[in-house]
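Dear colleague,

I am passing on the structure below, and I would be glad if you could look it over alongside the notes that follow.

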Amino acid sequence: MKRLLSIALLAIAIFTVGFGRPALAGDAVKGAKIFSQNCAACHIGGGNVVMAQKTLKKTALEKYGMNSLEAITTQVTKGKNAMPAFAGRLKPDQIEDVATYVLEQSEKDWKG
């Protein structure tokens with residue numbers, strides 16, 4: 001019985017860790033500062049002054065397939081359409097910090 005209980009607890013632990021939401025890789029606090037210096041002019045409050053429908057709000061990120069760390073990192077690194085590439089201006093870890101910040105803010109609907 002003890003062994004069965006141990007196996008059940010181990011299975012629950014593996015399931016919880018294995019299928020829980022992954023931790024974001026970047027530092028959102030650093031990302032907030034970088035965002036305010038480089039992105040906020042066009043994306044104040046998670047909006048988009050150039051293409052109004054392509055905001056950084058959760059629903060828009062989901063709609064346009066941009067709701068992952070990888071997608072945002074690629075967009076910031078390479079740019080697209082009216083958005084410039086930041087590969088030459090920001091280091092990869094800074095871009096990852098910004099992406100982490102954007103995802104965290106989108107979860108909060110850019111409030112707080």
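For the classes used here, Ala, Val, Leu, Ile, Met, Phe, Trp, Tyr, Cys and Pro count as nonpolar, Asp, Glu, Lys and Arg as charged, and the others, Gly among them, as polar. On that basis, the lining of the largest pocket comprises 19 nonpolar, eight polar and three charged residues. Please keep in mind that this is a predicted model.

The largest pocket has a volume of about 680 Å³, and 30 residues line it, with His43, Asn48, Leu56, Gln75 and Met83 lying nearest its centre. Two or more lining residues come from each of helix 2, helix 3 (40-43), helix 4 (58-63), helix 5 and helix 6, and helix 5 gives the most, with five residues.

Trp110, leaving aside its neighbours within four places in sequence, is in contact with Phe35, Gly45, Gly46, Leu56, Lys57, Tyr101, Val102 and Gln105.

Lastly, Ala87 sits in the loop between helix 5 and helix 6, and counts as partly exposed because its relative accessibility is 46%. Not counting residues up to four places away in sequence, Ala87 touches Val76, Thr77 and Ile95, while Ala87 and Gln75, twelve residues apart in sequence, are 9.9 Å apart in space, C-alpha to C-alpha.

With best regards

Definitions and conventions. Residues numbered from 1 in each chain as written. Predicted model: local features only at pLDDT ≥ 70, side-chain atom pairs only at ≥ 80, totals over all residues. Heavy atoms only, no water. Contact = heavy atoms within 4.5 Å. 1 Å grid on protein atoms, 1.4 Å probe; cavity = no way out; pocket = protein on both sides within 12 Å on 5 of 7 lines; lining within 4 Å. Points joined across faces, edges and corners; volume = space filled by probe spheres on them. Helix = DSSP H or I, 4+ residues; strand = E, 2+ residues; numbered from the N terminus. Buried < 20%, exposed > 50% of the residue type's maximum accessible area, 1.4 Å probe, protein only.
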